[in-house]
Amino acid sequence: MLTDILQAIHGWLTSVEGETITAFTILLTLSTTVHIIIRVWVIRLLHKLDENTASEWYAEIIKAKLPQRALMMVPLIFLYLGIDFVPGLNEAFEGFVTRLTASLMILVAARVIDALLSSVHAIYRMMPKADQRPIKSYIQLGKLIVYIFALIFIIASLSDQSPWYFLSGIGAIMAILLLVFRDTLLSLVASVQLTNNDLIRIGDWIEMPNFGADGDVVDISLNTVRVQNFDKTFTVIPTHKFLDHSFRNWRGMSEAGGRRIMRSLHIDLSSIRFLNYKEIQQLRKTHLLGSYIEGKMEEIMAYNEKHLGDNPSVLTNARWLTNVGTFRAYVIEYLKRHPRSKKDLLMLVRQLEPTGHGLPLQIYVFTNTTAWAEYEAIQADIFDHLLSILPEFGLRVYQQPTGEDFKMLSRRG
C-alpha cells in the first residue's frame, strides 16, 4: 500500500511543471499535512479511547506517549522515501536532506524506546510486589544506553560515516566516559546490590544520620534515593552512598507488627528498702500482685525457717520482700495484661547498673501497633501509670535538685 502511494506521488511530482523547488515544497507540505493529521486527529482519537476503556496498562502507555511518539515516525518515513522522487534535485542537497531525515528518525526511535521502557516500568509497578524489587534504576540505565547509541548513530548519519567508525574509537575515550559517568556507574553497582539483597524498598522507613534522613523511601532511581522525612521535607541521597555509610531500616519492625519501648525509670537509691509486714498485707490486695506475693512469701518463709539458725532476729540472716523487687514484679504483670502490649514478643523489666542518677529500672516491651502517634500515646500511658504508682511501694524517682528544693532548704535553715 505504501509503495502504491509513493508511486502515485512520484507520478504527481514528475507531472508538476516548474522548478524543482516546487516539487520539493509539495513534498514538505504533504509530510507536514500527515504530521498535522496525526497530531490533531489520530492522537486525539487515542486519548478518546483511553477515556472509554478501563484498561490500566493502556492508560499507562498513553501517559508515557508511546503511540504518540511512534506515529511521529510516519511523516519522517514519508519524507525520507519521497525525496528520491523529487525530479532534478541537487545530489548534495538530496544527500543532506536524507541524512538529516535519517537522524531525526533515529532520534524519534530512541524516544519511542524511551517511552516503551517507561511503559514497562509503569505496568510493572502495578504488580503487587513491585515495591520489593524496584526496577527504576535498570530502566534508567537502559534509557541511558539507548541515547548513547542514538547519539553515535546520529553523528554517523550527519557526517555520512559508518557507525563502526565511531564505535571502533570508543575505547580511546573510555577514560573520559568513566570520569563523566563515575557516579552513575557507582550508583548502578549500588542499585544492583540494594535490589538483589533486598536492603531497601519503596515505603521503607530508614534512618541515615550522615545525610539527615529519617523517613520513608518514596523513590529509588539509578542515581538517587529520595526520602520523605517526617517533617515533610525531602532528602535526596546518592545511591552509591548506601554502600559507603551505615543506615537503619525499620522494615523488620513493620513486618513484626510491634514497635519497641525501651525506657528506664531512675529510682532514688535512698528510697530502696525492705517492705514491712503491713505494707505486704496492703499490696497483697492488689490483683496484679496477689499470686506473686503469696508464692514469694511461702518461698521466703520456707527458706527462713530452714536457714535462720540461732539468730532469727538478725536481718542479714533472712530473706524478705524489697519494695523495688515487688515493684518489678508489679510492672511485668502490668505489661502482660496491658491491652496494647504485644504478648508474643520479648517483654522484661530489668535493673541496669546504678549510677549517680539512681538505679535505672528499664522497661522493655513491644506495642501491638507500629503507628507513630499510637505508639507514643501507649508509651506515655504506661509511664504515666508507673510514675504515679511508685509511691505506693515507698519508692521515689531520682530528680536533680531544682530551685524550689533549694528554697525549701533555705526556709528550714
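## Overall composition

Of the chain's 413 residues, 36% count as buried. The model is a predicted one. Its secondary structure consists of 17 helices and 8 strands.

Among contacts in the chain with a separation of 6 or more, 65% are between residues 24 or more positions apart.

## The five-stranded sheet

Five strands form an open sheet in the order β4-β3-β2-β1-β5, and the pairing is antiparallel. Its edges are β4 (234-238) and β5, each of which pairs on one side only. Strands of a sheet pair through backbone hydrogen bonds, either parallel or antiparallel.

Strand β1 (residues 205-208) is joined to strand β2 (residues 213-220) by 4 bridges, and the two run antiparallel. Strand β1 also pairs with strand β5 (residues 248-249), again in the antiparallel sense, over 2 bridges. I206 takes part in both pairings: its bridge partner in β2 is G215, and its bridge partner in β5 is N249.

The hairpin of β1 and β2 has 4 residues between the strands. In this hairpin, G212 takes a positive phi near 65°.

## Packing of α5 against α6

Helix α5 (residues 73-82) packs against helix α6 (residues 91-124) at an angle of about 160°, and the axes are 10 Å apart. Because angles over 145 degrees count as roughly antiparallel, α5 is roughly antiparallel to α6. The crossing of the two helices is left-handed.

On the α5 side, the residues that meet α6 are M73, L76, I77, L79 and Y80. Their counterparts in α6 are T98, T101, A102, L104, M105, V108 and A109.

## Q362 in strand β8

Q362 lies in strand β8 (residues 359-367). Its relative accessibility is 7%, so Q362 counts as buried; the cut-off for that class is under 20%.

Which residue does the side chain of Q362 meet in a polar contact? The partner is the side chain of R350, at 2.7 Å. R350 is also one of the residues that Q362 touches when those up to four places away in sequence are left out. The others are M262, R263 and S264, together with L348, V349 and L352.

## K296 in helix α14

K296 is placed in helix α14 (residues 290-307). Is K296 buried or partly exposed? K296 counts as partly exposed because its relative accessibility is 25%, and that class lies between the 20% limit for buried and the 50% limit for exposed.

Leaving out residues up to four places away in sequence, K296 touches R319 and L321. K296 and L321 are 25 residues apart in sequence, with a C-alpha to C-alpha distance of 8.1 Å.

Note on methods
Residues are numbered from 1 along each chain as its sequence is written. This is a predicted model: local features need pLDDT of at least 70, side-chain atom pairs count only at pLDDT 80 or more; totals for chains, interfaces and linings use all residues. Side-chain values use heavy atoms; hydrogens and water are left out. Buried means under 20% relative accessible area, exposed over 50%, partly exposed in between (1.4 Å probe, protein chains only). A polar contact is a pair of N or O atoms within 3.5 Å; within protein, one must be able to donate a hydrogen and the other to accept it, and residues adjacent in sequence count only if both atoms are side-chain atoms. Contact means heavy atoms within 4.5 Å. Two strands pair if DSSP finds at least two bridges between them. Axes are lines fitted to C-alpha atoms, for helices over the stretch in contact, and angles run from 0 to 180 degrees between N-to-C directions. Angles under 35 degrees count as roughly parallel, over 145 as roughly antiparallel, 65 to 115 as roughly perpendicular and the rest as oblique. A crossing is left-handed if the near helix is turned anticlockwise from the far one by less than a right angle, and right-handed if clockwise.
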